[in-house]
Amino acid sequence: MSASTSSGTTDALEPEKGPRAGPGAELLAALLDGMDAALCAFDADGTITHWNREAERILGWSAEEAVGRPGFAGWAVRRADAAEVQERLMAAMDGAGRRVHEFALLRKDGGRVLVRTQSAGVRGADGKPAGVYCAFGEVQAQIDLERSIALSEALLEDASWGVVLVDADLRPTVVNTHAARALGGGRTTLLGRPLGELIAQGVEDLEGALQHVLAEGAPPALGELWVTLRTAEGDRRRCWRSGFLRLTSPLAQEPVPLGVGWLFQDVTTEKLAAQEADRVRFRSNQLHRASRSASECEDPMEAATSYLDYALAGFADHALVDLVAGERLVRVAATPSGEPGPCLPVAGGGIPLRYAAGHPALQAVDRTGSVRASAGAGPGAGVWAVERQWPGDSVHALCAVLRSRGRTLGVVTFLRSAHRTAFERPDAVYAESVAVRVAAAVDLAQVTKRP
């Protein structure tokens with residue numbers, strides 16, 4: 001809000017003194033002009049000495065019309081209320097601190113406006129009461145401001161969403177409690193640190209979104225960001241549903257970006273549950289398709305490999321079938337070790353495999369269950385696979401035993417290369433479902449080949 005005084009008005013609270021009075025009065029007038037609040041001042045007798053432009057804007061009375069009047073009676077306040085209003089305002093002259101009141105004032109056009117005032121006493125050079133200054137604003141504007149402040153405080157303290165304010169350099173300047181907990185730090189320890197120190201993976205996507213908001217404004221809809229956080233317990237992968245707001249100064253003539261407000265909510269559990277549901281749905285559909293395809297195969301071993309072809313989609317890169325032959329296992333079918341391809345019978349099969357003790361396939365046979373294994377990080381992954389007589393790009397393995405009619409027929413092995421994650425327990429459950437179908441087909445093949 002702005003301010004103004006009449007050109008002929010003298011400073012009643014600080015009378016003009018010598019050659020410095022002119023510049024002092026001009027400085028005071030300039031300060032009043034720049035104020036956002038309406039302001040008026042009274043001398044010790046209750047006469048108005050100052051009246052700025054914001055007061056003129058709210059009530060319509062100019063400084064020339066207001067300065068010099070003995071209080072508000074009859075023009076800015078109804079005569080019936082004037083004595084009470086004047087008494088409450090001037091009471092601040094003899095008291096300490098500020099006093100807050102609400103009054104109904106009159107506009108020049110006759111309308112009424114409810115204002116909230118803050119008044120405080122002014123003392124002269126001798127320390128005696130010299131008058132009162134009163135800052136006031138429309139109650140509705142005050143309520144709107146208080147609501148905005150209350151909203152900001154609620155977001156930064158109690159919100160169930162994470163709230164982070166970042167500056168133009170993309171460094172956090174304000175972090176609420178929820179966000180600090182999600183980022184794995186304290187509200188103050190996170191301030192000013194580059195986002196790359198907090199986020200191991202996904203920081204490029206986040207910073208790209210923040211830069212876009214600074215340059216172009218907020219996107220029209222929420223987005224989801226997958227990030228990997230650095231924590232004392234290790235890396236944690238999280239999914240945050242995020243919204244962004246560009247922050248600009250309300251005091252600048254042109255919008256000047258102050259930073260970005262980033263609001264987010266952790267939806268990792270929901271996303272993982274949805275992904276798992278999609279995965280189960282897809283795998284169930286694959287098994288259904290495999291069963292229909294296998295039912296059309298005249299050769300039971302062709303049906304067995306057909307099951308594996310459908311099972312590999314989105315699950316693994318290679319599949320091997322080893323059957324029990326005496327005390328050892330014999331490779332009877334496999335996918336190509338190079339380019340992806342169907343699972344086919346092994347040419348010249350029948351030679352026992354020289355699996356070393358502790359091989360995952362042998363463990364599966366001994367346990368009559370599933371066994372998972374991984375090469376681990378490092379350059380020795382290829383050697384690890386070759387030693388186990390698997391394709392050289394394999395780094396993760398899942399061996400499921402083939403059982404039918406109470407007998408162990410062999411092992412089916414699923415292999416993943418480095419671009420896939422390690423097998424987990426839900427993967428083992430799926431592999432066992434496939435193994436049951438493959439074992440039934442293999443059992444039928446062995447029965448029909450008997451003399």
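Okay, so let's start with Asp427 and Arg416, whose side chains meet in a salt bridge at 3.6 Å, N to O. Asp427 is in helix H12, residues 425-448, and Arg416 is in strand E17, residues 407-417, so this pair ties together parts that are 11 residues apart in sequence. Buried or exposed, these two, Asp427 and Arg416? Both are buried. And Arg416 has something else going on: Arg416 also lies over the face of Phe423, at 4.0 Å from the ring centre. One thing to keep in mind throughout: this is a predicted model.

Now, how many salt bridges does the structure hold? There are 20 salt bridges. The general idea is simple: side chains of opposite charge can pair when their charged atoms come close. I'll show you a couple of others.

Take Glu138 and Arg57. Their side chains form a salt bridge, again with 3.6 Å from N to O. Glu138 belongs to strand E5, residues 129-138, while Arg57 belongs to helix H2, residues 53-59, so here the pair ties together parts that are 81 residues apart in sequence. What about the surroundings? Glu138 has 25% relative accessibility, so we call Glu138 partly exposed. Arg57 has a relative accessible area of 52%, so Arg57 goes down as exposed; the cut-off for exposed is over 50%.

My next salt bridge is Arg281 with Asp278, where N to O comes to 2.8 Å. Where do these two sit? Both Arg281 and Asp278 are in helix H8, residues 268-294, three residues apart, which is about one turn of the helix. Arg281 is at 53% relative accessibility, so Arg281 counts as exposed. Asp278 is at 45%, so Asp278 counts as partly exposed.

Okay, on to the rings. The structure has 13 aromatic pairs. When I talk about a pair of aromatic rings, I'll give you the distance of the centres and the angle of the planes.

Look at Phe42 and Phe72 first. Their ring centres are 5.5 Å apart and the planes are at 70°, so we call this pair edge-to-face. Why edge-to-face? The planes are at 70°, and the label applies to angles over 60 degrees. Phe42 lies in strand E1, residues 38-43, and Phe72 lies in the loop between helix H3 (63-66) and helix H4 (79-90), so the pair ties together parts that are 30 residues apart in sequence. Phe42 is buried, with a relative accessible area of 0%, and Phe72 is buried too, with 4%.

Then there's Trp240 with Phe264. Those rings have centres 4.7 Å apart and planes at 35°, so this pair is tilted. Trp240 is in strand E10, residues 234-248, and Phe264 is in strand E11, residues 257-266; they are 24 residues apart, and the pair links distant parts of the chain. Trp240 and Phe264 are both buried.

Which aromatic residues share one cluster with them? The cluster is made of Phe42, Trp51, Trp61, Phe72, Trp75 and Phe136. Trp75 also has a charge over its ring: the charged end of Arg69 sits there, 4.7 Å from the ring centre.

Definitions and conventions:
Residues numbered from 1 in each chain as written. Predicted model: local features only at pLDDT ≥ 70, side-chain atom pairs only at ≥ 80, totals over all residues. Heavy atoms only, no water. Salt bridge = Lys/Arg side-chain N within 4 Å of Asp/Glu carboxyl O. Helix = DSSP H or I, 4+ residues; strand = E, 2+ residues; numbered from the N terminus. Buried < 20%, exposed > 50% of the residue type's maximum accessible area, 1.4 Å probe, protein only. Phe/Tyr/Trp six-rings, centres within 6.5 Å; stacked < 30°, edge-to-face > 60°. Lys NZ or Arg CZ within 6 Å of the ring centre and 35° of its normal.
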